[in-house]
Amino acid sequence: MNCKLCGGNAPRELLRSQDSAILRCPECGFLFREPYRGCVASKCAACEDRCIDRLAEPGFLEARLRVDGRRAERIAALAGGSLSGLAVLEIGAGLGCLASHLSKSAGTYAGLEASPVFRGCLAENFKELAGKVEGAHLPGPQHRGRFDLVVLVDVLQFSPGPLEFLRAALSALKPGGKVYIEVPDESLLGLRAAFRKALGLYSGSPLHHGHLNFFTPKSLRFLLAQAGLEAQHFSQASIAADEDRLFLTLKRPLPGWVRALSLAARFTKADTALGLGNTVCLAVKRNGVAA
Ligand SMILES: [Zn+2]
Ligand SMILES: [Zn+2]
């Protein structure tokens with residue numbers, strides 16, 4: 001079994017989840033699930049955590065829209081302050097919450113979402129996205145070289161063959177175009193797994209059933225370099241400091257001790273310093289400035 005990112009030999013087992021092993025490559029640090037079964041099309045569509053039908057429950061859609069509103073602002077800030085002049089392609093539009101913000105602020109917006117379950121949910125919640133989100137994993141020939149910004153939020157952890165996936169995603173960029181990527185920082189995978197178990201997430205499994213790839217900042221930087229990208233921005237975004245995100249993850253009102261931890265995270269930023277947040281980056285193709 002070779003590493004799914006660098007091809008290196010002899011990855012070692014770190015822990016087990018949902019009857020599979022989580023292996024770590026000693027060469028590039030990449031973590032992945034074995035057997036390496038892809039479910040990029042289903043994501044949470046068959047999820048026991050009921051990520052989708054909970055949207056109908058009070059407060060969920062609103063919390064998700066607030067989280068993605070803040071995310072859209074972050075993307076715009078990193079992309080130079082405004083998306084108004086940009087053609088934006090979101091890969092993995094999911095339930096459409098981020099799409100609903102991006103489609104308002106971008107010059108033009110197009111989305112791709114392979115899951116028919118997600119597309120159905122998206123169409124129901126966001127009429128304004130009608131005709132803007134296609135059923136596909138990756139851009140096709142019609143998208144080639146047309147976009148200023150490609151957005152990949154919580155996608156690469158689901159994608160079998162993340163390097164090939166990212167290269168195909170980049171084909172949609174104009175020369176000098178940029179890609180925004182967000183993935184969980186799994187530096188402390190064991191600690192995250194223990195937290196999730198303590199909170200009773202994922203039916204007692206330490207990891208999300210759909211995740212195949214587990215990135216650390218180091219292995220994400222390695223992926224970027226392999227794809228010919230240069231990071232212009234690379235940082236950590238807190239999950240613990242954002243009560244909306246915690247509510248969406250826990251799927252119930254926050255217990256007092258979780259709120260206390262969240263408050264502590266807001267003031268100390270200890271969680272992102274430890275590597276318990278999301279990695280956020282904006283990258284451009286090397287020598288991408290030339291036309
Ligand atoms: Zn490797
Ligand atoms: Zn799910």
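**Notebook: chain fold and helix H3**

I looked up burial first: 53% of the 291 residues of the chain count as buried (under 20% relative accessible area, with exposed over 50% and partly exposed in between; 1.4 Å probe, protein chains only). I note that this is a predicted model, in which local features need pLDDT of at least 70, side-chain atom pairs count only at pLDDT 80 or more, and totals for chains, interfaces and linings use all residues. Residues are numbered from 1 along each chain as its sequence is written, and side-chain values use heavy atoms, without hydrogens and water.

I then turned to overall dimensions. The C-alpha trace spans about 50 × 50 × 35 Å along its principal axes.

For secondary structure I found nine helices and eleven strands (DSSP runs: H or I of at least four residues for helices, E of at least two for strands, numbered from the N terminus).

I next examined helix H3, residues 116–125, where Phe118, Cys121 and Leu122 are buried. They lie on the same side of H3 because they cover an arc of only 100 degrees around the axis (from the directions from the helix axis to the C-beta atoms). Pro116 and Glu124, on the other side of H3, are exposed. I recorded strand E6 (133–134) as part of what covers the buried residues of H3.

How values were computed. Chains are lettered from A and ligands numbered from 1 in the order in which they are written. Contact means heavy atoms within 4.5 Å.
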